[in-house]
Amino acid sequence: MSIPDLSWQTFRPAEGFYTSEVKPAESRPLPVRTFLPLGYEPRYAYPLIVFFHGAGGNEEQILRLAPKISRRNFIAIGLRAPVCLGPNPKGEMAYSWNDLPNLSVVEDYFLQAVQQTRRTYHVHSERIYLAGFAEGAEMAYRFGLMMPEKIAGIISLNGCMPRCDPPRLPWDAVRGLRLFQAHGIANAKIPLTLAKEDYRLFYAAGADVEFKTYATTQRLHSDMLLDINRWIVGHCEHDAFGDAE
């Protein structure tokens, strides 16, 4: 029998950003960018937010959202899409989730990143959330629907379900799945009508879905981030109260 790694019980790293790597099968090593909250307490089981960036972004860029959501309440990781687009106007390397050569490599990357984070830090096994911005929301939806029993919820920020080769909707598992959709009313890249279609689909399937619109375009609105914190904390408090009963 293997002995579980419990090093997180005494490991007290400082708040901030850290970078590590995982090695998916049939792939070069890929980065995992991690944000640790202020006053990290190794004996507290934290929710984990897994971020998928938008087209032309990267793991470092998307993870900058984490402390804007909360500096205390979560551990967060950012993943890098495998399709390189070259440098953006700021000189940063840009990546995309479109035209993936092998989805299984990305799935292995995602699973290894979560497993490594859970081995290193104290993550609550039933409070793992997938958050995608724009194009990255497609990945959050895809992996959330592939393994709904392993995640606590899906967060879509100015994104929508994949329209090309959409994932199968596991109706029994979707019933009760938590979903938070935040969308700009003037989003020209991913129209509000597409997000509303997703809302109606998940609502009809029995998902626990919250849909909110914001006075913005495809850009993130600061209230979106505040609402993510409220939404996750509210569910954690509800679950803790239910456990107590």
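## The enclosed cavity

In this predicted model, the largest cavity is lined by F35, I49, A66, S70, F74, I75 and A76. By class, this lining comprises six nonpolar residues and one polar residue, with no charged residues. The space inside the largest cavity amounts to about 30 Å³, and the count of cavities of 30 Å³ or more comes to one.

In soluble globular proteins, nonpolar side chains tend to be buried together. Here the largest nonpolar core has 42 residues, and the members that touch the most others are V50, F52, L79, F110 and F202. At least two residues of this core come from each of β2 (30-36), β3, β4 (75-79), α3 (103-120), β7 (123-133), α4 (135-146) and α6 (192-205), and the largest share, six residues, is supplied by α4.

Once its neighbours within four places in sequence are left aside, F110 is in contact with V50, F52, L79, L130, F143 and M147. Apart from this core lies another, of 24 residues, which includes F35, L65, A66 and L157; F35 and A66 also belong to the lining of the largest cavity.

The largest pocket, with a volume of about 790 Å³, has a lining of 25 residues, among which Q61, F133, Q218, R219 and L220 lie nearest its centre. The elements that give two or more residues to this lining are α1 and α7 (222-244). Its residues divide into eight nonpolar, ten polar and seven charged.

The second largest pocket holds about 330 Å³ of space, and of the 14 residues that line it, W97, N98, E138, R142 and C164 are the closest to its centre. With four residues, α4 gives the most to this lining, whose classes are seven nonpolar, one polar and six charged.

## The histidine in the loop

H53 is placed in the loop between β3 (46-52) and α1 (59-63). Is this residue, H53, buried or exposed? H53 counts as buried because its relative accessibility is 0%, where the cut-off for buried is under 20%.

The side chain of H53 reaches the backbone nitrogen of A81 at 3.0 Å. Leaving aside neighbours within four places in sequence, the residues in contact with H53 are N58, E59, I62, L79, R80, A81, Y95, S96, W97, F133, E135 and G136. Among these contacts of H53, L79 is also a member of the largest nonpolar core, F133 lies near the centre of the largest pocket's lining list as one of the residues nearest its centre, and W97 is one of the residues closest to the centre of the second largest pocket.

Methods:
Residues numbered from 1 in each chain as written. Predicted model: local features only at pLDDT ≥ 70, side-chain atom pairs only at ≥ 80, totals over all residues. Heavy atoms only, no water. Buried < 20%, exposed > 50% of the residue type's maximum accessible area, 1.4 Å probe, protein only. Polar contact = N/O pair within 3.5 Å; in protein donor to acceptor, adjacent residues only side chain to side chain. Contact = heavy atoms within 4.5 Å. 1 Å grid on protein atoms, 1.4 Å probe; cavity = no way out; pocket = protein on both sides within 12 Å on 5 of 7 lines; lining within 4 Å. Points joined across faces, edges and corners; volume = space filled by probe spheres on them. Nonpolar A, V, L, I, M, F, W, Y, C, P; charged D, E, K, R; others polar. Core = buried A, V, L, I, M, F, W, Y, C linked by side-chain atoms within 4.5 Å.
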